[in-house]
Structures are given as C-alpha cells and as structure tokens.
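Here are a few exercises to work through with the model open beside you. Try each task before reading its solution.

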Amino acid sequence: MIVGFSSSIHKKYEGSTFQLLAETVSKALDMATVDLKDIDGLFYTVLPGVFDGKASLHFSSFQIPSFLGIRPKVIELVEYGGPSALTMVYRAEKLIEAGEIDTALCVVGGKASFLRENKVTVDAVDRFLGSVQLTPYDDLFRVYQDLNPVSDYALVAKRHSKLFGTSDEQRALIAVMQRKNALGNERAMYRTPLTVKDVLESRVVSDPLRLLEIVYPVDGFHVFVVSKHQRKSDVRPLKVEFYGESHWSEMPPELPDIVYTPAVESSKGVNLERIDAFQLYDSFTITVMLQMEDIGLTKKGKGGEFVERTDITYQGEVPVNTGGGSLNVGQPAFMSGGVILEEAILQLNNMATNHQVKDVNRVLINGIGGWNRGHSVTMVLGEGNV
C-alpha cells in the first residue's frame with residue numbers, strides 16, 4: 001500500500017539534483033514514518049538530459065542509492081517516460097505481495113530548467129547534447145528541425161481537427177477548466193483565472209498548439225513510499241485495483257492513424273462507472289482529449305463536443321485533472337506522471353484543500369509517454385473493495 005508521498009517543485013532549483021531528490025525523499029519518509037534503513041526496494045526513471053542536464057548517468061543504479069544512503073535488495077529502472085511513476089507503484093506492490101521486499105521508494109523527476117533555458121525540448125535533446133539516439137531510424141528520420149514532442153502533438157491536433165472538426169476553442173476549454181481546478185491548489189504554479197480568449201490569444205508555438213495549451217518544464221521530484229507496513233502513517237491504505245499497460249513500437253507513419261493512443265488497450269476492461277475522478281496525462285490539451293476518447297469517456301472524435309457539454313472541474317459531473325494538472329503545476333523533468341499520481345492520492349485522502357471532489361473512493365490515472373506516445377499505463381487506485 002502507499003503509505004507516504006511527497007513532491008518538491010521549483011521553476012528553477014539552485015542546488016544539485018541529488019540534493020533536491022534527498023529533500024523530497026525525506027519528506028515522503030516522514031509522512032510514511034519509515035526510516036532509510038527500512039528501504040529494500042528502489043524504482044526510478046532517468047531520461048537523457050533531464051536528471052541533471054547530463055546526457056547520461058554512469059550506473060545510476062549506484063549513484064542514486066549512494067547519495068540517499070540506502071542498500072536496496074531490488075533496484076529497477078522504468079523507462080516509460082510519463083507513465084513510469086504508475087508502473088513503479090504497481091511493480092513495488094507486486095514484489096511486496098510476493099514477499100520479495102517490504103518497503104520501496106518510487107522516484108520520478110529531475111531538473112528540466114537546464115534544457116528549458118537552452119530552448120531544448122526533451123524529444124529533441126539529441127540536437128543539443130549529441131550522442132543521444134532517439135529511435136533506431138535516426139539517420140533517416142531526424143532530418144527535419146522540430147520541437148518534439150510539441151511538433152508531434154501539433155500534428156495530432158491538426159489531424160484531429162481535420163477528421164472530426166475539433167476546434168481550437170474546444171481544446172482551449174480543457175485549459176480553462178483545468179485552470180479553474182488549479183485556483184485552489186497550493187501546489188499549482190499558475191493560479192489566476194483563464195478564459196478561452198486568453199488561450200486563443202496566447203502565441204502559437206507549433207500550429208495549432210498555443211502557449212497556454214503546453215506544459216512548462218520545471219525542476220522537481222515526486223516520491224512515493226509503498227510498504228507492507230502502515231506503521232503510524234495516516235495515509236489511507238490504497239491499493240492498485242486495476243492496472244493495464246500497452247506499448248506501441250510503430251513509428252507515426254506506420255500507425256493506422258495518429259489520433260489513437262495505446263490507452264485504447266491499456267484501459268481495456270476498466271469500469272468507468274465506478275470512478276469518482278480522473279487524472280489524465282496533460283502534456284498538452286490535445287493529450288487530455290485523446291485520452292478522454294481512448295479510455296471511453298466519449299467516442300473517438302467526440303472529445304470536443306464532450307468538453308463543451310461536460311463540466312470537468314472538481315465540482316463538475318466528470319472531474320478531470322482536479323488539481324489543474326501539470327499544465328498548471330508544471331512538468332518536473334518533462335514527465336507528468338508524478339503530478340497526476342500525487343493528485344489522485346490527495347483526492348483519495350481528502351487532502352485536496354480547496355479543490356477536493358466529494359466522496360472520492362476510486363480514481364483512474366492514465367499516463368502517456370515515450371517517443372510519439374508509445375507507452376500508456378492505466379491504473380485505478382482505491383482501497384481494494386472491488
């Protein structure tokens with residue numbers, strides 16, 4: 001069960017990445033009433049350039065435990081990008097159930113400010129750092145200048161509009177309603193009211209996506225403590241009630257259509273009728289719309305109409321990204337999975353002050369990540385009363 005969690009998010013953190021990590025771990029362990037010596041499992045993720053600005057870490061599996069001062073029996077690197085945090089918690093829970101470990105740290109984050117200040121995006125990091133391979137086909141594929149993943153999702157938004165008539169105003173509604181959710185969230189970086197007009201008048205970054213539809217990369221970590229012992233933790237004994245993964249390895253031209261994501265498969269079998277709130281990966285407004293369709297909240301192509309007729313704020317009939325999502329909290333190390341997982345746990349523990357959904361017993365979290373949305377993880381958290 002999850003017995004503790006913490007986050008530390010800064011627009012720019014002046015200390016080292018390891019210092020920021022250690023501070024976040026310390027807060028999570030305090031909540032869990034767990035000592036460092038009790039940690040026997042470590043799950044983490046590292047992407048080129050976003051841990052501490054370096055292209056790679058030599059034996060990250062040694063460096064992270066070394067700085068934290070832990071000696072885990074199990075260490076696992078999860079490289080799904082955005083959804084990694086969800087997979088870490090699931091695998092930790094499974095190893096605990098199997099008796100392999102007792103208590104695990106799940107760590108996601110790093111420092112994104114270095115790349116941001118050098119005007120580099122995470123999926124175009126090869127052009128800045130060099131010696132980074134993004135795909136097996138880079139010699140053929142990496143011949144155009146781009147801002148991936150912004151350029152990639154802009155193409156998807158264009159395609160969605162062409163196929164289904166989705167308007168810029170409909171996508172902007174997602175940003176507006178998520179900002180309303182953020183107004184009461186003390187963790188949010190952006191907390192001033194937003195209108196559709198504001199979104200549409202913000203500058204175009206990659207047509208048709210505008211600045212206020214795109215996450216802001218920041219420095220930060222999320223840490224989750226999973227343990228077989230609740231000890232004195234006040235955190236509700238949450239378990240993974242549903243879990244699905246899907247991984248699509250095709251390049252975009254090989255896909256039947258780019259408006260679908262692997263969430264179509266990772267969410268297969270989930271019962272949406274039992275869900276009280278949804279936390280959907282929100283790197284861009286179009287990312288949220290795609291998942292609304294692919295997990296079954298609405299039919300494919302109807303995402304625009306869905307957000308026009310549905311209140312998705314924390315007070316609405318279908319609460320989505322109830323803390324404002326990473327569009328408003330910021331995106332630590334170019335990965336939003338920790339943001340949406342933390343918000344789910346806050347909601348389930350009635351700790352989401354000023355943006356709490358009433359009577360939350362079950363939350364669906366969907367993470368999207370990897371090169372061109374190749375990975376999707378769907379998870380439902382609750383007390384296991386299925």
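Helices (H or I, at least four residues) and strands (E, at least two) are DSSP runs, numbered from the N terminus. This is a predicted model, where local features need pLDDT of at least 70 and side-chain atom pairs count only at pLDDT 80 or more, while totals for chains, interfaces and linings use all residues. Residues are numbered from 1 along each chain as its sequence is written, and side-chain values use heavy atoms, with hydrogens and water left out.

**Exercise 1. Look up Asn321 and Ala333: what is phi in each, and are they buried or exposed?**

Step 1: Asn321 has a positive phi of about 45 degrees, though it's not a glycine. Look for Asn321 in the loop between helix H12 (303-309) and helix H13 (325-329).

Step 2: Ala333, also not a glycine, has a positive phi near 55 degrees. Ala333 belongs to the loop between strand S10 (331-332) and helix H14 (337-348).

Step 3: now the burial. Buried means under 20% relative accessible area, exposed over 50%, and partly exposed in between (1.4 Å probe, protein chains only). Asn321 is at 0% relative accessibility, so it counts as buried. Ala333 is likewise at 0%, so it is buried too.

**Exercise 2. How many aromatic pairs does a search of the whole structure find, and how are the rings of Tyr153 and Phe284 arranged?**

Step 1: set the rule. Rings of Phe, Tyr and Trp (its six-membered ring) pair if their centres lie within 6.5 Å; planes under 30 degrees apart count as stacked, over 60 as edge-to-face and the rest as tilted. The search of the whole structure turns up eight such pairs.

Step 2: take Phe141 and Trp371, with 5.9 Å centre to centre and 75 degrees between the planes, an edge-to-face pair. This pair ties together distant parts of the chain, 230 residues apart: Phe141 is in helix H6, and Trp371 is in the loop between strand S11 (363-369) and strand S12 (375-382). Phe141 is at 30% relative accessibility, so it counts as partly exposed.

Step 3: for Tyr153 and Phe284, the centres are 4.8 Å apart and the planes are at 35 degrees, so the pair is tilted. Again distant parts of the chain are linked, 131 residues apart, with Tyr153 in helix H7 and Phe284 in the loop between strand S9 (277-280) and helix H11 (285-294). Both Tyr153 and Phe284 are buried.

Step 4: check the face of Tyr153. Arg373 lies over this face, 5.1 Å from the ring centre; the rule is that NZ of Lys or CZ of Arg is within 6 Å of the ring centre and within 35 degrees of the ring normal. Lys300 does likewise with Tyr260, its charged end sitting over the ring at 4.8 Å from the centre.

**Exercise 3. Which residues line the largest cavity, and which helix gives the largest share?**

Step 1: on a 1 Å grid over the protein atoms alone, a cavity is a set of points where a 1.4 Å probe fits but cannot get out, and lining residues have an atom within 4 Å of a point. Grid points are joined across faces, edges and corners, and a volume is the space filled by probe spheres set on the points.

Step 2: one cavity of 30 Å³ or more is found in the whole structure. The largest cavity has a volume of about 90 Å³.

Step 3: list the lining. Among its residues are Asn185, Arg187, Gln279, Glu342, Glu343 and the Asn321 of Exercise 2. H14 supplies the largest share, five residues, and H13 gives at least two.

Notes. 1 Å grid on protein atoms, 1.4 Å probe; cavity = no way out; pocket = protein on both sides within 12 Å on 5 of 7 lines; lining within 4 Å.
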